[in-house]
Amino acid sequence: MEGTGQERDLKMVVDFCRILLCGLLLAASVPRYQLGAQSPVSTERAFPEKLLEGTSTFDLAVSLQGDLRGNYGPCG
Amino acid sequence: MGGFARRMSYWTAFARKYPGKPFLRLDGGAIFSSGAVDAPIVNRWMLLGTYLSKLDAINLDPWDLSAWQELSDLAASGNAVRKLLDLPLVSANVVPKVPNFPAVRRSIIREVELGPPAGSKYRVGISGLLYDPENRIPQAEFEVRDTAAAARDIVAELVPRTDFRILMTNMDLGSALSLAIAVPGINLLVVTHNYEEISEPQQVGETLIAIPVNEGRMLSEIRLAVPAGSDRVQAETRFVPLDTTIPDDPAMGELIKRAQGAVAAAGRGAPPVH
C-alpha cells in the first residue's frame, strides 16, 4: 500500500541523504586508498635518527662487518 | 637481516649527521656463500655489493678463498667484470700462488684528518690474519704463515708508520685473546668466527677485541676519540640493528631485487646473467 505524499517526500529525502552519505564516504575513501596504493616504499621512509645516537665527540668511526656468508639483503 | 641496502643507508645517514667525520668501513671476511646450490649465482651479487660498498679493507678469510678464485677465473675468462675484483684485500700471512687471484696487500694505511688543529693527521694501519690451525689450505696454492709470527712482523712494520693498528682474523675468540696478550701493539682486533651470539667488545690490555654480528644482521661501530697530546685512544662501541625500520638505499635496494630475481631464475633453471 502506497503511503501519503508526505511519506513519499520523506522517503525521497532519506534516500537522497543515504546516497549523499555514501557518496561522501566514497569520496573520502579514494584519497586514502590512493595513498595506500602509493604507500611509501622502503626507500622513501625517513631514516630512524635514533640509530645514529651515541657520543658525538669522536674523531674517527669504524664500521665493522663480517661473516656475511652470502646474505646480500633481507631474506637473501 | 640487514644486507647491502640497509648498511649503505646507515652509512649515508651517518655521513649526513656527522659531516666531515672520518669513517672507515671494514669487512672481516667470510663474505661469500659456500656449498649451497645457488652459491655461484649468489656470490656474483655478493661481489657486486661488496664492490659498491666502497670498503676500506677486507680480510682474506679461508671461507672465501675458493669463491675469490672462482670469481677471478670467471673474470679472466671474460665471464665476469675484472674491475669488481679491484678490492682492498689484506692479509699479513697469506701469499696466493694461484694465477688470476685478486691482489692481496700486506696492509693498508689510511690517513684521516683530525681536527682541530687543521691538518692534524692520524694514521690507521689495517691488516689481516688468516687462521688455519689444521693446515687445510693447500700449500701448493697459498703460502700461509703462522699467525702469531705474522702478527708480530706486521705490527713491527706498522708501529713506526701508524698511530692506530687494526688486525682482522677468523681465529676463535680464545686464540684471539692469546694473540692480543702475546703481541703488543694491536689496538683493535676484529674476530670473524661466525659466532651466532652477540658479544660485547672486550678490552685486553691495549687491544680492543670486537666480534661483528654475523650474516649482516647488525653493524658493529666503534667511535674513537683521540685526545690532543695523548696516545691513549678512547673508544665507544655500539651495535646498530639493521632491521626493517631502516629504509633501503635506493641503488642497493635495486641490486637486492635483481639479485633475488636472478637467484630465483637460477632456481627455475634459467641461465645466469653475466
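Let me begin with the conventions. Residues are numbered from 1 along each chain as its sequence is written, and chains are lettered from A and ligands numbered from 1 in the order in which they are written. As the model is predicted, local features need pLDDT of at least 70, side-chain atom pairs count only at pLDDT 80 or more, and totals for chains, interfaces and linings use all residues; side-chain values use heavy atoms, with hydrogens and water left out.

Helices (H or I, at least four residues) and strands (E, at least two) are DSSP runs, numbered from the N terminus. Two strands pair if DSSP finds at least two bridges between them. On that basis, 6 strands of chain B form an open sheet with mixed pairing, in the order 5-6-8-9-11-10. Strand 5 (108–114) and strand 10 (202–204) of chain B each have a single partner strand, so one side of each is left without a neighbour in the sheet. On average, neighbouring strands of this sheet are turned by 25 degrees against each other, direction ignored; axes here are lines fitted to C-alpha atoms, for helices over the stretch in contact, and angles run from 0 to 180 degrees between N-to-C directions.

Within the sheet, strand 6 (residues 120–129) and strand 8 (residues 164–169) of chain B pair in the parallel sense over 6 bridges. B:Val124 has B:Phe164 as its bridge partner in strand 8 of chain B. Helix 5 (residues 173–182) of chain B lies across strands including strand 6 and strand 11 (207–210), and runs at about 165 degrees to strand 11 of chain B.

Next, helix 3 (residues 65–76) of chain B. Its 12 residues reach 16 Å from first C-alpha to last, close to the 16 Å expected at 1.5 Å a residue, where the expected span is 1.5 Å times one less than the number of residues. Which residues of helix 3 of chain B are buried? Under the cut-offs used (buried under 20% relative accessible area, exposed over 50%, partly exposed in between, with a 1.4 Å probe and protein chains only), they are B:Leu65, B:Ala67, B:Trp68, B:Gln69, B:Leu71, B:Ser72 and B:Ala75. These buried residues pack against helix 2 (39–52), strand 2 (57–59), strand 3 (89–90) and strand 7 (142–144) of chain B, contact meaning heavy atoms within 4.5 Å. After helix 3 of chain B comes B:Gly78, with a positive phi near 80 degrees.

Now the contact between the chains. In the salt bridge of A:Glu49 with B:Arg16, the closest N and O atoms are 3.9 Å apart.

Over all chains, the structure holds 10 salt bridges. One of them joins B:Glu157 and B:Arg106 at 2.5 Å between the closest N and O atoms. B:Glu157 lies in helix 4 (residues 147–158) of chain B and B:Arg106 in the loop between strand 4 and strand 5 of chain B, 51 residues apart. B:Glu134 and B:Arg136 form another salt bridge, at 2.7 Å, and both residues are exposed.

Key. A salt bridge is a side-chain nitrogen of Lys or Arg within 4 Å of a carboxyl oxygen of Asp or Glu.
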